[in-house]
Amino acid sequence: MLTDWVKNIIFVVLFASFLELLLPSSSMQRFVRVIMGLFIMLAILNPIIGAVQHLTSKDQIPTFAANSGDLNVIASEVNHVTNDRNALSLELYKKELSQQIRILVMAMDGVADANVVIEIKKGNASTLSMGVSSIIVYVKPGISAKSEKIVSIAKVKIDKEFNKTEETYTDLKQRITDMIMELYQIPKEKVEIKMLYS
């Protein structure tokens with residue numbers, strides 16, 4: 001190895017001297033000398049560069065060294081961190097989605113307050129509709145624009161008591177369900193609207 005290194009240096013120096021003899025004395029000779037000087041330096045430093053490359057090779061770094069026990073521990077830690085990250089992402093997603101739906105429901109006519117509970121399937125779901133297992137919207141009905149309109153008063157029948165039941169808010173429930181289905185592509189069977197009367 002040492003003889004190859006010396007041979008390379010001698011060869012580069014001889015080549016530089018020969019090239020300098022061939023060139024006429026002009027301003028170009030200075031540039032050729034600089035370039036040949038760089039070649040000579042490279043030939044001298046070549047063993048040092050090789051040693052540095054050897055020290056920074058894969059086998060010299062403990063993390064990448066072949067040790068199956070350590071690799072299993074690292075893989076386990078990576079899986080643990082990945083699972084934690086996925087669980088955190090899922091919670092953030094549920095929170096953001098429930099807030100979005102709540103805001104949209106609150107903006108609807110006839111809604112005083114709303115609360116949204118979302119259940120998400122665990123595992124790998126490729127789409128939103130596949131990942132959401134159920135959306136339950138608790139709606140507290142409020143005053144609707146239709147009820148505030150001034151209309152001519154019809155005769156009031158005293159004999160029947162007006163009772164607000166689930167049937168009274170069928171239209172509101174249908175509008176909320178349609179909105180969630182259209183905006184989030186959630187199947188109807190996964191959406192449930194519950195009215196709160198208090």
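What percentage of the 198 residues of the protein count as buried? In this predicted model, the buried share is 19%.

**View 1. Overall arrangement of the secondary structure of the protein.** Six helices and three strands make up the secondary structure. Read from the N terminus, the elements follow the order α-α-α-β-α-β-α-α-β. Of the contacts between residues at least 6 apart in sequence, 62% link residues at least 24 apart. The accessible surface amounts to about 15400 Å², and carbon and sulfur atoms account for 62% of that area.

**View 2. Pairing of helices α1 and α2.** Helix α1 covers residues 2-22 and helix α2 residues 28-55; their axes come within 9 Å and cross at roughly 175 degrees. Because angles over 145 degrees count as roughly antiparallel, α1 and α2 are therefore roughly antiparallel to each other. On the α1 side, the contact is made by W5, I9, V12, V13, F15, A16, L19 and E20. Helix α2 contributes Q29, V32, R33, M36, F39, I40, A43, I44 and P47.

**View 3. Helix α6 and its buried residues.** Helix α6 comprises 15 residues, 170-184, and at 1.5 Å a residue it should span 21 Å; the end C-alpha atoms lie 21 Å apart, in agreement with that value. The buried residues of α6 are L172, I176, T177, M179, I180 and Y184. These residues cover an arc of only 155 degrees around the axis, so they lie on the same side of α6. In general, an α-helix has 3.6 residues a turn, so residues three or four places apart point the same way.

**View 4. The residue that follows helix α6.** Just after α6, Q185 adopts a positive phi of about 55 degrees.

Conventions. Residues numbered from 1 in each chain as written. Predicted model: local features only at pLDDT ≥ 70, side-chain atom pairs only at ≥ 80, totals over all residues. Heavy atoms only, no water. Helix = DSSP H or I, 4+ residues; strand = E, 2+ residues; numbered from the N terminus. Buried < 20%, exposed > 50% of the residue type's maximum accessible area, 1.4 Å probe, protein only. Contact = heavy atoms within 4.5 Å. Areas by Shrake-Rupley, 256 points an atom, 1.4 Å probe, with all protein chains shown as cover. Expected span 1.5 Å × (residues − 1). Arc of directions from axis to C-beta. Axes fitted to C-alpha atoms, helices over the stretch in contact; angles between N-to-C directions. Parallel < 35°, antiparallel > 145°, perpendicular 65-115°, else oblique.
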